[in-house]
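Hi,

Here is the structure I said I would pass on. Have a look at it first, and my notes follow below.

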Amino acid sequence: MPVPVPLTVAVAQPACVPRDVAANSAAHAEAVRRSGARLVVFPELSLTGYDLAAEAVSPDASRLRPLVAACREAGATALAGAPVRAADGREHLAALAVTGRGARCVYAKTWLHGAESGRFTPGEKPQVLVVDGHRLGLAVCYDAAVPQHAADTAALGIDTYVASALHGPGPEQAARRDGHMGQVARTHGVWAVLATSAGSSGTYDRTSGGSGIRAPDGTAVVQAGPEAGAVVSAAVGGTRPSSSGAGSLFRSLHHRAEGLC
């Protein structure tokens, strides 16, 4: 049955300091405070920058404390990107869910791209994060370009498809970025949320920006420009989409997802 209360979601594309988890955690914390949103989504490998040699980040690392504190103060969940090492020693290109209680790995990228497979182990199955009753299907970058990933995730009964990504600069990459998310929304009748890097990220001197949120018919409800530091938000799951630079805040937090790493 439909989720009765819309969920305010923000997409953030903070400036990234290469391999400096503490500095990036502080920037994430500032974005959470600015957004006024219940869920704040950050780009792929947002805590380290896109550098495949960056050190793995432990979910209980002290460097994440500023972000944990900001989520506690705001009553928010943040989805941040980082390389992580599982208990069995395998490493994943992962999404961390951060709340006021701490951080945990909730998704490992399934469809690795290019040199990523030289280090990382792909995730084994789709995952859903539940926030305030909204079922959020998770994706990282190239996952969203693979129709099977969206189909398998949608089969879990999601309301929204949430992707963290990085795209290079230029109109061709921008068209690919927007096309993938619009196609997911239209094909599966779900909201589509994309947080993608802006400015430099790790080994990328330039990236596209353009993070945004799309309604189930594929139309853009809100979209950031190419600049680093932008945060935009929209209420998803309601009958009338609304957007702003800082969405309204719902205070009660119900968040659950299995810790995977």
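Which strand and which helix each supply at least two residues of the lining of the largest pocket? They are strand S8 (160–165) and helix H4 (171–188), where helices (H or I, at least four residues) and strands (E, at least two) are DSSP runs numbered from the N terminus. H4 gives the most, with 5 residues.

Before more of that, some housekeeping. This is a predicted model, where local features need pLDDT of at least 70 and side-chain atom pairs count only at pLDDT 80 or more, while totals for chains, interfaces and linings use all residues. Residues are numbered from 1 along each chain as its sequence is written, and side-chain values use heavy atoms, with hydrogens and water left out.

The protein chain averages a pLDDT (the predictor's confidence in each residue, from 0 to 100) of 91, and 89% of the residues score at least 70. Over residues 239–258, though, the pLDDT is below 50. Where pLDDT is low, the predicted coordinates should not be read in detail.

Now the helices. The axes of H1 (residues 21–35) and H2 (residues 65–74), lines fitted to C-alpha atoms over the stretch in contact, with angles from 0 to 180 degrees between N-to-C directions, come within 8 Å and cross at roughly 10°. That makes H1 roughly parallel to H2 (angles under 35 degrees count as such). In contact (heavy atoms within 4.5 Å), residues including Ser25 and Val32 in H1 meet residues of H2, among them Leu67 and Cys71.

Happy reading!

Definitions and conventions
Angles under 35 degrees count as roughly parallel, over 145 as roughly antiparallel, 65 to 115 as roughly perpendicular and the rest as oblique.
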